[in-house]
Amino acid sequence: MTRAAPMPPDERRASLIDATLPLLLQHGPSLTTRQVAEAAGVAEGTIFRAFNSLPDLIDATTREAMSAERLTRELDSLELGDTLDEKVTTTLELFTTRFARIRTLLMAAHAREHHTSECMRDELASRRAELDAWLTSRFAVHADELCTSPETLVSYLRTLAHGHALTLPPSPLSTADLTRLALHGARKEQ
């Protein structure tokens, strides 16, 4: 391993967090500093000059992954679609992916015997409110097509996706199935 190029401490920490996030999502609690070092292109010792321990790096990565800034970047690049059906499908995929990601990050952060992570409840509640507000504003243009408010639709989609994401064994329902049931229900047309 060649020596990493010098970098200001904040940039080094950000660089290590960027390298860690996809690995943490892939490996969860079994993540190692060797994997991070290889992904970041640095020696393992570089990690410990920026963070006190692997749990500290995992905590910092988890906090960054759940930050308002990351959510804003993700939403800025997200295309929900034009039609109500497209937006419902994309929203269900967004919620399902987000739940899986949050679950993996929290499991990794809390898997260590002496994890240092502070409770993320307030951060999660804030991101949920921000995401719901963003989605509600996107569904507002479809208010005339709905028998409920856009806000209630977003809440319902969240509930549906959450249940779908946590079902074990995995649900056989596809996102298309969930979209159809969310928009048209289970009753046959009379």
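Helix 1 (residues 9-27) and helix 2 (residues 33-40) have axes that come within 9 Å and cross at roughly 130°. In this predicted model, helix 1 and helix 2 are therefore oblique to each other, and their crossing is right-handed. From helix 1, the residues in the contact are Leu16, Ala19, Thr20, Leu23 and His27, and they meet Gln35, Val36, Ala39 and Ala40 of helix 2. Sorted by class, the residues of this contact divide into 6 nonpolar, 3 polar and no charged.

Helix 1 also has a contact with helix 6. The axes of helix 1 and helix 6 (residues 84-111) come within 9 Å and cross at roughly 95°. Angles of 65 to 115 degrees count as roughly perpendicular, and helix 1 and helix 6 are therefore roughly perpendicular to each other. Leu21, Leu24 and Leu25 of helix 1 make this contact with Arg101, Thr104, Leu105 and Ala108 of helix 6. The class count for helix 1 with helix 6 is 5 nonpolar, 1 polar and 1 charged.

Helix 7 (residues 121-139) and helix 8 (residues 150-166) have axes that come within 8 Å and cross at roughly 125°. That angle makes helix 7 oblique to helix 8, and the crossing of the two is right-handed. On the helix 7 side, Arg128, Leu131, Asp132, Leu135, Thr136 and Phe139 take part, meeting Pro150, Glu151, Leu153, Val154, Leu157 and Arg158 in helix 8. The contact of helix 7 with helix 8 has 7 nonpolar, 1 polar and 4 charged residues.

| Helix pair | Axes come within | Crossing angle |
|---|---|---|
| helix 1 and helix 2 | 9 Å | roughly 130° |
| helix 1 and helix 6 | 9 Å | roughly 95° |
| helix 7 and helix 8 | 8 Å | roughly 125° |

The peptide bond from leucine 168 to proline 169 is cis, with omega near -5°. Proline 169 is found in the loop between helix 8 and helix 9 (175-184).

Now for the overall picture. The protein has 9 helices and 0 strands, and its elements run α-α-α-α-α-α-α-α-α from the N terminus on. Taken along the principal axes, the C-alpha atoms fill a box of roughly 70 × 35 × 30 Å.

The chain is divided into domain 1 (1-66) and domain 2 (67-189). Between the C-alpha centres of domain 1 and domain 2 lie 28 Å. Where the two domains touch, 17 residues of domain 1 are in contact with 22 residues of domain 2.

In the model, residues 10-69 are 78% helix and 0% strand, and the end C-alpha atoms of the span lie 16 Å apart. The other annotation, "DNA-binding region", covers residues 32-51 according to the unreviewed entry. Residues 32-51 are 75% helix and 0% strand, with end C-alpha atoms 14 Å apart.

Notes
Residues are numbered from 1 along each chain as its sequence is written. This is a predicted model: local features need pLDDT of at least 70, side-chain atom pairs count only at pLDDT 80 or more; totals for chains, interfaces and linings use all residues. Side-chain values use heavy atoms; hydrogens and water are left out. UniProt positions are given in the numbering used here, feature names are shortened, and annotations may be inferred rather than shown by experiment. Helices (H or I, at least four residues) and strands (E, at least two) are DSSP runs, numbered from the N terminus. Axes are lines fitted to C-alpha atoms, for helices over the stretch in contact, and angles run from 0 to 180 degrees between N-to-C directions. Angles under 35 degrees count as roughly parallel, over 145 as roughly antiparallel, 65 to 115 as roughly perpendicular and the rest as oblique. A crossing is left-handed if the near helix is turned anticlockwise from the far one by less than a right angle, and right-handed if clockwise. Contact means heavy atoms within 4.5 Å. Ala, Val, Leu, Ile, Met, Phe, Trp, Tyr, Cys and Pro count as nonpolar, Asp, Glu, Lys and Arg as charged, and the others, Gly among them, as polar. Domain bounds come from an automatic or database domain assignment.
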